[in-house]
Amino acid sequence: FRERGDRLCPFFIFKTSEICYTYKQQTITEVTPMIFYFTGTGNSRYCAQQIAALLHDACQDAFHFIRDGIAPELTSPTPWIFVSPTYSWQLPRIFANLIRSGRFSGSQEAYFIMTCGSDIGKAAQGNQKLCQEKGLHYRGTLPVIMPENYIAMFNAPEPEEARTIIAAARPILEQGIACIRDGKDFPSVKTGVLDGLKSGLVNR
């Protein structure tokens with residue numbers, strides 16, 4: 001703990017790749033839209049904006065919390081929707097640790113929407129554990145296939161193929177929104193042995 005004025009500010013430290021991030025817990029409380037997203041190249045931002053349009057709501061970018069090292073204290077009367085890309089078949093550590101460091105009050109329901117090139121492995125299992133840590137009621141993880149953009153390992157699609165992939169994503173998002181509106185869990189993500197290896201051993 002580090003003293004600041006007449007308050008004690010705990011520091012949360014974690015690593016992603018070779019970069020060390022430090023989050024300060026500050027007494028900042030915002031009434032925010034329920035859609036809280038992290039985006040790397042824009043796919044997750046696009047999905048968050050589509051969800052916001054379908055729900056007639058707005059969305060909150062996690063970027064300034066990460067950039068400024070602020071642990072979020074946010075309040076929403078409606079279920080939380082965490083939107084994120086899939087990094088190595090799991091929720092990006094930088095986003096997962098931001099959620100861990102923050103306080104999400106109001107609704108205790110949590111849905112996860114993860115963009116991916118083909119699949120999310122066993123990321124849903126990790127999201128459920130994260131909700132248990134935060135005292136949130138896990139309502140499921142929805143994979144949404146978007147154009148692959150991790151060109152270090154995969155080939156990016158041609159423009160026409162990318163447009164087709166994006167168009168196919170919209171009905172998936174609409175199905176997810178229907179679940180949220182009806183208070184239902186997202187459908188379970190089917191996984192196998194290989195998914196456990198991708199989300200487990202690959203990230204150790």
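Rings of Phe, Tyr and Trp (its six-membered ring) pair if their centres lie within 6.5 Å; planes under 30 degrees apart count as stacked, over 60 as edge-to-face and the rest as tilted. This is a predicted model: local features need pLDDT of at least 70, side-chain atom pairs count only at pLDDT 80 or more, and totals for chains, interfaces and linings use all residues. Residues are numbered from 1 along each chain as its sequence is written, and side-chain values use heavy atoms, without hydrogens and water.

**View A. The aromatic cluster.** The structure holds 13 aromatic pairs. One cluster includes Phe36, Phe65, Trp80, Phe104 and Tyr138. Phe38, Tyr87 and Phe95 also belong to this cluster.

**View B. Phe38 and its ring partners.** Phe38 and Tyr87 pair edge-to-face, 6.3 Å centre to centre, with 75° between the planes. Phe38 lies in the loop between strand S6 (35-37) and H1, and Tyr87 in the loop between S10 and helix H3 (93-101), so the pair ties together parts 49 residues apart in sequence. Helices (H or I, at least four residues) and strands (E, at least two) are DSSP runs, numbered from the N terminus. Phe38 and Phe95 have ring centres 5.9 Å apart and planes at 20°, so this pair is stacked. Phe95 sits in helix H3, 57 residues from Phe38. Buried means under 20% relative accessible area, exposed over 50%, partly exposed in between (1.4 Å probe, protein chains only). Phe38 is buried at 12%, Phe95 is buried at 0%, and Tyr87 is partly exposed at 38%.

**View C. Ser76 in strand S9.** Ser76 lies in strand S9 (residues 73-76). Ser76 is buried, at 0% relative accessibility. Its C-alpha is 6.6 Å from that of Ser105, 29 residues apart in sequence.
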